[in-house]
Amino acid sequence: MDAEGLALLLPPVTLAALVDSWLREDCPGLNYAALVSGAGPSQAALWAKSPGVLAGQPFFDAIFTQLNCQVSWFLPEGSKLVPVARVAEVRGPAHCLLLGERVALNTLARCSGIASAAAAAVEAARGAGWTGHVAGTRKTTPGFRLVEKYGLLVGGAASHRYDLGGLVMVKDNHVVAAGGVEKAVRAARQAADFALKVEVECSSLQEAVQAAEAGADLVLLDNFKPEELHPTATVLKAQFPSVAVEASGGITLDNLPQFCGPHIDVISMGMLTQAAPALDFSLKLFAKEVAPVPKIH
(Lines give C-alpha, C1' and ligand atoms only; values in the text may rest on other atoms or scores of the structure.)
Protein backbone atom coordinates (compact mmCIF):
# COMPACT_ATOMS: atom_id res chain seq x y z
CA MET A 1 0.00 0.00 0.00
CA ASP A 2 1.15 3.52 -0.76
CA ALA A 3 2.46 5.18 2.41
CA GLU A 4 0.23 8.22 1.95
CA GLY A 5 -2.86 6.00 1.88
CA LEU A 6 -2.04 4.48 5.28
CA ALA A 7 -3.52 7.52 7.03
CA LEU A 8 -6.95 6.07 6.21
CA LEU A 9 -6.25 3.31 8.76
CA LEU A 10 -6.27 5.80 11.65
CA PRO A 11 -9.71 6.26 13.28
CA PRO A 12 -10.33 10.03 13.53
CA VAL A 13 -11.91 9.80 17.00
CA THR A 14 -9.00 7.73 18.36
CA LEU A 15 -6.49 10.08 16.75
CA ALA A 16 -8.16 13.15 18.27
CA ALA A 17 -8.27 11.52 21.70
CA LEU A 18 -4.57 10.64 21.53
CA VAL A 19 -3.60 14.15 20.50
CA ASP A 20 -5.70 15.62 23.28
CA SER A 21 -4.00 13.39 25.87
CA TRP A 22 -0.52 14.26 24.59
CA LEU A 23 -1.18 18.01 24.68
CA ARG A 24 -2.76 17.78 28.14
CA GLU A 25 0.26 15.85 29.41
CA ASP A 26 2.64 18.56 28.20
CA CYS A 27 0.51 21.50 29.35
CA PRO A 28 -2.07 20.51 31.97
CA GLY A 29 -2.23 23.99 33.49
CA LEU A 30 -0.91 27.50 32.93
CA ASN A 31 1.34 28.09 29.90
CA TYR A 32 3.54 30.95 31.08
CA ALA A 33 5.72 30.87 27.94
CA ALA A 34 2.68 31.96 25.89
CA LEU A 35 3.05 35.43 27.42
CA VAL A 36 6.55 35.58 25.95
CA SER A 37 5.67 34.50 22.41
CA GLY A 38 2.29 36.21 22.13
CA ALA A 39 -0.48 35.26 19.73
CA GLY A 40 0.68 36.99 16.56
CA PRO A 41 0.63 35.12 13.22
CA SER A 42 3.84 33.15 12.78
CA GLN A 43 5.46 30.54 10.59
CA ALA A 44 7.93 27.77 11.30
CA ALA A 45 9.97 25.41 9.15
CA LEU A 46 10.26 21.71 9.96
CA TRP A 47 13.75 20.39 9.27
CA ALA A 48 14.99 16.80 9.13
CA LYS A 49 18.55 16.63 10.44
CA SER A 50 19.20 12.89 10.22
CA PRO A 51 18.72 10.32 7.43
CA GLY A 52 15.85 7.87 7.46
CA VAL A 53 12.23 7.42 6.44
CA LEU A 54 9.65 10.14 7.05
CA ALA A 55 6.64 8.82 8.99
CA GLY A 56 3.97 10.28 11.24
CA GLN A 57 2.42 13.05 9.17
CA PRO A 58 -1.18 12.29 10.27
CA PHE A 59 -0.19 12.66 13.94
CA PHE A 60 1.81 15.83 13.30
CA ASP A 61 -1.14 17.28 11.35
CA ALA A 62 -3.66 16.33 14.04
CA ILE A 63 -1.61 18.00 16.78
CA PHE A 64 -1.41 21.32 14.98
CA THR A 65 -4.99 21.14 13.68
CA GLN A 66 -6.17 20.95 17.29
CA LEU A 67 -4.13 24.11 17.97
CA ASN A 68 -5.59 26.04 15.00
CA CYS A 69 -2.42 25.81 12.93
CA GLN A 70 -1.96 24.72 9.31
CA VAL A 71 0.74 22.36 8.03
CA SER A 72 2.08 22.34 4.45
CA TRP A 73 4.24 19.34 3.54
CA PHE A 74 7.07 19.51 1.00
CA LEU A 75 7.79 15.75 1.12
CA PRO A 76 5.26 12.90 1.06
CA GLU A 77 4.89 10.28 3.78
CA GLY A 78 7.45 7.50 3.39
CA SER A 79 10.06 9.73 1.76
CA LYS A 80 13.74 8.95 2.26
CA LEU A 81 15.26 11.85 4.15
CA VAL A 82 18.66 13.27 3.25
CA PRO A 83 19.69 15.92 5.79
CA VAL A 84 19.36 18.77 6.04
CA ALA A 85 15.90 18.62 4.42
CA ARG A 86 13.08 21.13 4.69
CA VAL A 87 10.13 18.83 5.29
CA ALA A 88 7.19 21.09 6.06
CA GLU A 89 6.00 24.52 7.12
CA VAL A 90 3.57 25.29 9.93
CA ARG A 91 1.58 28.53 10.21
CA GLY A 92 -0.54 29.81 13.07
CA PRO A 93 -0.53 31.91 16.25
CA ALA A 94 2.95 31.95 17.77
CA HIS A 95 1.88 30.58 21.16
CA CYS A 96 0.03 27.72 19.46
CA LEU A 97 3.01 26.79 17.28
CA LEU A 98 5.20 26.59 20.35
CA LEU A 99 2.60 24.73 22.39
CA GLY A 100 2.51 21.94 19.81
CA GLU A 101 6.21 22.00 18.94
CA ARG A 102 7.66 19.41 21.33
CA VAL A 103 4.69 17.03 21.21
CA ALA A 104 4.69 17.08 17.41
CA LEU A 105 8.46 16.64 17.14
CA ASN A 106 8.48 13.76 19.64
CA THR A 107 5.77 11.94 17.73
CA LEU A 108 7.32 12.48 14.31
CA ALA A 109 10.83 11.55 15.50
CA ARG A 110 9.74 8.28 17.13
CA CYS A 111 7.43 7.27 14.29
CA SER A 112 10.07 8.03 11.66
CA GLY A 113 12.69 6.11 13.64
CA ILE A 114 10.51 3.00 13.67
CA ALA A 115 9.71 3.35 9.96
CA SER A 116 13.43 3.69 9.25
CA ALA A 117 14.26 0.53 11.23
CA ALA A 118 11.43 -1.35 9.55
CA ALA A 119 12.58 -0.27 6.09
CA ALA A 120 16.14 -1.40 6.89
CA ALA A 121 14.88 -4.79 8.07
CA VAL A 122 12.75 -5.31 4.96
CA GLU A 123 15.68 -4.30 2.76
CA ALA A 124 17.96 -6.78 4.55
CA ALA A 125 15.41 -9.57 4.12
CA ARG A 126 14.88 -8.86 0.44
CA GLY A 127 18.64 -8.64 -0.02
CA ALA A 128 18.85 -12.20 1.30
CA GLY A 129 16.35 -13.30 -1.35
CA TRP A 130 13.58 -13.88 1.18
CA THR A 131 10.01 -12.88 0.31
CA GLY A 132 8.23 -13.53 3.63
CA HIS A 133 6.82 -11.03 6.11
CA VAL A 134 9.02 -8.90 8.36
CA ALA A 135 6.79 -7.97 11.29
CA GLY A 136 6.71 -6.03 14.52
CA THR A 137 5.43 -7.32 17.85
CA ARG A 138 3.27 -6.18 20.78
CA LYS A 139 6.40 -4.83 22.48
CA THR A 140 5.30 -1.22 22.15
CA THR A 141 5.24 1.86 24.37
CA PRO A 142 2.05 2.03 26.50
CA GLY A 143 -0.24 4.68 25.06
CA PHE A 144 1.83 5.02 21.89
CA ARG A 145 1.01 1.76 20.08
CA LEU A 146 -1.02 3.33 17.28
CA VAL A 147 1.93 5.53 16.30
CA GLU A 148 4.43 2.69 16.50
CA LYS A 149 2.32 0.18 14.56
CA TYR A 150 1.67 2.85 11.93
CA GLY A 151 5.41 3.50 11.66
CA LEU A 152 6.02 -0.19 10.95
CA LEU A 153 3.58 -0.05 8.06
CA VAL A 154 5.15 3.08 6.57
CA GLY A 155 8.51 1.31 6.68
CA GLY A 156 7.11 -1.64 4.73
CA ALA A 157 6.88 -4.15 7.58
CA ALA A 158 3.78 -5.94 8.84
CA SER A 159 2.33 -4.64 12.10
CA HIS A 160 1.46 -8.14 13.41
CA ARG A 161 -1.59 -8.29 15.70
CA TYR A 162 -2.55 -4.87 17.00
CA ASP A 163 -3.81 -6.12 20.36
CA LEU A 164 -4.91 -9.26 22.19
CA GLY A 165 -8.09 -9.43 20.12
CA GLY A 166 -6.36 -9.60 16.74
CA LEU A 167 -5.07 -13.16 17.03
CA VAL A 168 -5.26 -15.89 19.69
CA MET A 169 -1.62 -16.23 20.70
CA VAL A 170 -0.87 -19.19 22.96
CA LYS A 171 2.42 -18.46 24.72
CA ASP A 172 4.51 -20.56 27.09
CA ASN A 173 2.67 -19.26 30.15
CA HIS A 174 -0.69 -20.15 28.62
CA VAL A 175 0.56 -23.69 28.06
CA VAL A 176 1.62 -23.97 31.70
CA ALA A 177 -1.68 -22.55 32.93
CA ALA A 178 -3.73 -24.85 30.69
CA GLY A 179 -1.76 -27.99 31.55
CA GLY A 180 -0.08 -28.71 28.23
CA VAL A 181 0.14 -27.76 24.58
CA GLU A 182 -2.84 -29.81 23.38
CA LYS A 183 -5.20 -28.51 26.08
CA ALA A 184 -4.07 -24.95 25.47
CA VAL A 185 -4.57 -25.16 21.71
CA ARG A 186 -7.96 -26.82 22.01
CA ALA A 187 -9.13 -24.05 24.35
CA ALA A 188 -7.74 -21.41 21.99
CA ARG A 189 -9.37 -23.06 18.98
CA GLN A 190 -12.72 -23.01 20.76
CA ALA A 191 -12.31 -19.36 21.75
CA ALA A 192 -11.20 -18.33 18.27
CA ASP A 193 -14.15 -20.05 16.58
CA PHE A 194 -14.17 -19.18 12.85
CA ALA A 195 -13.14 -15.53 13.12
CA LEU A 196 -9.58 -15.68 14.45
CA LYS A 197 -6.40 -17.61 13.79
CA VAL A 198 -4.52 -19.44 16.52
CA GLU A 199 -0.75 -19.12 16.91
CA VAL A 200 1.30 -21.19 19.36
CA GLU A 201 4.71 -20.32 20.77
CA CYS A 202 6.96 -23.40 20.76
CA SER A 203 10.45 -24.08 22.06
CA SER A 204 11.03 -27.45 20.39
CA LEU A 205 10.05 -29.52 17.37
CA GLN A 206 7.98 -31.76 19.63
CA GLU A 207 5.90 -28.83 20.87
CA ALA A 208 5.52 -27.51 17.33
CA VAL A 209 4.19 -30.85 16.08
CA GLN A 210 1.79 -31.08 19.03
CA ALA A 211 0.52 -27.59 18.32
CA ALA A 212 0.01 -28.30 14.62
CA GLU A 213 -1.76 -31.58 15.35
CA ALA A 214 -4.07 -29.79 17.81
CA GLY A 215 -5.12 -27.27 15.15
CA ALA A 216 -2.74 -24.30 15.29
CA ASP A 217 -2.76 -22.06 12.21
CA LEU A 218 0.68 -20.63 12.96
CA VAL A 219 3.62 -21.92 14.95
CA LEU A 220 6.06 -19.46 16.52
CA LEU A 221 9.54 -20.92 16.86
CA ASP A 222 10.83 -18.72 19.65
CA ASN A 223 14.50 -18.11 20.49
CA PHE A 224 15.79 -20.73 18.06
CA LYS A 225 19.32 -20.31 16.75
CA PRO A 226 19.45 -20.27 12.92
CA GLU A 227 21.13 -23.69 12.83
CA GLU A 228 18.20 -25.07 14.88
CA LEU A 229 15.45 -23.02 13.30
CA HIS A 230 15.73 -24.13 9.68
CA PRO A 231 15.86 -27.93 10.24
CA THR A 232 12.91 -27.64 12.63
CA ALA A 233 10.89 -25.59 10.15
CA THR A 234 11.74 -28.02 7.34
CA VAL A 235 10.43 -31.04 9.28
CA LEU A 236 7.34 -29.16 10.45
CA LYS A 237 6.44 -27.94 6.96
CA ALA A 238 6.90 -31.44 5.52
CA GLN A 239 4.27 -32.78 7.93
CA PHE A 240 2.01 -29.71 8.03
CA PRO A 241 2.45 -27.69 4.82
CA SER A 242 -0.53 -25.42 5.58
CA VAL A 243 0.79 -24.31 8.97
CA ALA A 244 2.63 -20.99 8.83
CA VAL A 245 5.96 -20.70 10.63
CA GLU A 246 7.10 -17.56 12.44
CA ALA A 247 10.60 -16.99 13.79
CA SER A 248 11.22 -14.60 16.67
CA GLY A 249 13.60 -13.88 19.53
CA GLY A 250 17.05 -12.32 19.41
CA ILE A 251 16.71 -11.18 15.80
CA THR A 252 18.47 -7.94 14.88
CA LEU A 253 19.22 -6.04 11.69
CA ASP A 254 22.71 -7.60 11.67
CA ASN A 255 21.68 -11.25 11.99
CA LEU A 256 18.30 -11.07 10.21
CA PRO A 257 19.54 -12.71 6.97
CA GLN A 258 20.53 -15.83 8.95
CA PHE A 259 16.88 -16.36 9.94
CA CYS A 260 15.55 -16.04 6.39
CA GLY A 261 14.76 -19.39 4.79
CA PRO A 262 12.32 -21.17 2.45
CA HIS A 263 10.23 -22.61 5.30
CA ILE A 264 9.96 -19.41 7.35
CA ASP A 265 6.86 -17.33 6.60
CA VAL A 266 7.18 -14.55 9.17
CA ILE A 267 10.10 -13.01 11.05
CA SER A 268 9.00 -10.80 13.94
CA MET A 269 11.36 -8.33 15.58
CA GLY A 270 10.70 -6.61 18.88
CA MET A 271 13.67 -4.29 18.33
CA LEU A 272 11.81 -2.46 15.57
CA THR A 273 9.70 -0.73 18.22
CA GLN A 274 11.84 -1.23 21.32
CA ALA A 275 15.25 -0.17 20.04
CA ALA A 276 14.73 2.02 16.97
CA PRO A 277 16.56 5.35 17.44
CA ALA A 278 14.43 8.45 16.96
CA LEU A 279 15.22 10.66 14.00
CA ASP A 280 16.33 14.25 14.58
CA PHE A 281 13.86 16.98 13.59
CA SER A 282 13.64 20.63 14.53
CA LEU A 283 10.91 23.24 14.15
CA LYS A 284 12.25 26.77 13.71
CA LEU A 285 10.20 29.96 13.65
CA PHE A 286 11.33 32.48 11.07
CA ALA A 287 10.36 36.05 10.24
CA LYS A 288 11.88 36.34 6.78
CA GLU A 289 10.57 34.88 3.55
CA VAL A 290 13.31 32.25 3.49
CA ALA A 291 13.78 30.04 6.55
CA PRO A 292 17.43 29.69 7.64
CA VAL A 293 18.89 26.18 7.43
CA PRO A 294 19.70 24.83 10.91
CA LYS A 295 23.10 23.43 11.81
CA ILE A 296 23.68 19.76 12.54
CA HIS A 297 25.56 19.21 15.79
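Visitor: Which residue in E5 is the bridge partner of Trp73?
Guide: Ala88 is the partner of Trp73. Bear in mind that this is a predicted model.

Visitor: How many bridges join E3 to E5?
Guide: Four bridges join E3 to E5, and the two strands run antiparallel. E5 covers residues 85-93.

Visitor: What sheet are they in, and in what order do the strands come?
Guide: It is an open sheet of four strands, ordered E3-E5-E1-E12, with antiparallel pairing. The edge strands are E3 (70-73) and E12 (281-285), and each of them pairs on one side only. From one strand to the next, the twist averages 20°.

Visitor: Which strands does H3 lie across?
Guide: H3, residues 57-66, lies across E1, E3, E5 and E12. Its direction is at about 150° to E3. Helix H4 (residues 94-127) also lies across E1, E3, E5 and E12, running at about 165° to E12.

Visitor: Back to H3. How many of its residues are buried?
Guide: Seven of the ten, so H3 is largely enclosed by the rest of the structure. Among the buried ones are Phe59, Phe60 and Phe64. Just after H3, Asn68 takes a positive phi of about 60°.

Visitor: Zooming out, how is the chain divided?
Guide: Into two domains: domain 1 is 3-120 + 277-286, and domain 2 is 158-268. Their centres, taken over C-alpha atoms, are 38 Å apart.

Visitor: What about the sheet that has E8 in it: what is its strand order?
Guide: The order is E6-E11-E10-E9-E8-E7. Those six strands form an open sheet with parallel pairing. E6 (133-135) and E7 stand at the edges with a single partner strand each, so one side of each has no neighbour in the sheet. The twist averages 20° between one strand and the next here.

Visitor: How many bridges join E6 to E11?
Guide: Three, and E6 and E11 run parallel. E11 spans residues 266-268. One of the pairings puts His133 with Val266 in E11.

Visitor: And what pairs with E8?
Guide: Three bridges join E7 to E8, and four join E8 to E9. Glu199 in E8 is the bridge partner of Met169. Glu199 also has a bridge partner in E9, Leu218.

Visitor: Is E8 buried or exposed?
Guide: Buried. Five of its five residues are, so E8 is largely enclosed by the rest of the structure. Val198, Val200 and Cys202 point one way, while Glu199 and Glu201 point the other way. In a regular strand, side chains alternate between the two faces of the sheet.

Visitor: Which strands does H8 lie across?
Guide: E8 and E9, and H8 runs at about 165° to E8.

Visitor: New topic: H9. Which of its residues are buried?
Guide: Pro226, Leu229, Thr232, Ala233, Leu236 and Lys237. Seen down the axis of H9, they fall within an arc of 130°, so they line one face of the helix. The face turned away from that buried side carries the exposed residues Glu227 and Ala238.

Visitor: What do the buried residues of H9 pack against?
Guide: Helix H8 (205-214), strand E9 (218-222), strand E10 (244-248) and helix H10 (256-259).

Visitor: How far apart are the end C-alpha atoms of H9?
Guide: They are 20 Å apart. At 1.5 Å a residue, the 14 residues of H9 should span 20 Å, which agrees.

Visitor: Where is His160?
Guide: In the loop between helix H5 (145-154) and strand E7 (168-170). His160 is partly exposed, at 24% relative accessible area.

Methods:
Residues are numbered from 1 along each chain as its sequence is written. This is a predicted model: local features need pLDDT of at least 70, side-chain atom pairs count only at pLDDT 80 or more; totals for chains, interfaces and linings use all residues. Side-chain values use heavy atoms; hydrogens and water are left out. Domain bounds come from an automatic or database domain assignment. Two strands pair if DSSP finds at least two bridges between them. Axes are lines fitted to C-alpha atoms, for helices over the stretch in contact, and angles run from 0 to 180 degrees between N-to-C directions. Contact means heavy atoms within 4.5 Å. The expected span of a helix is 1.5 Å times one less than its number of residues. Buried means under 20% relative accessible area, exposed over 50%, partly exposed in between (1.4 Å probe, protein chains only). The arc is that of the directions from the helix axis to the C-beta atoms.
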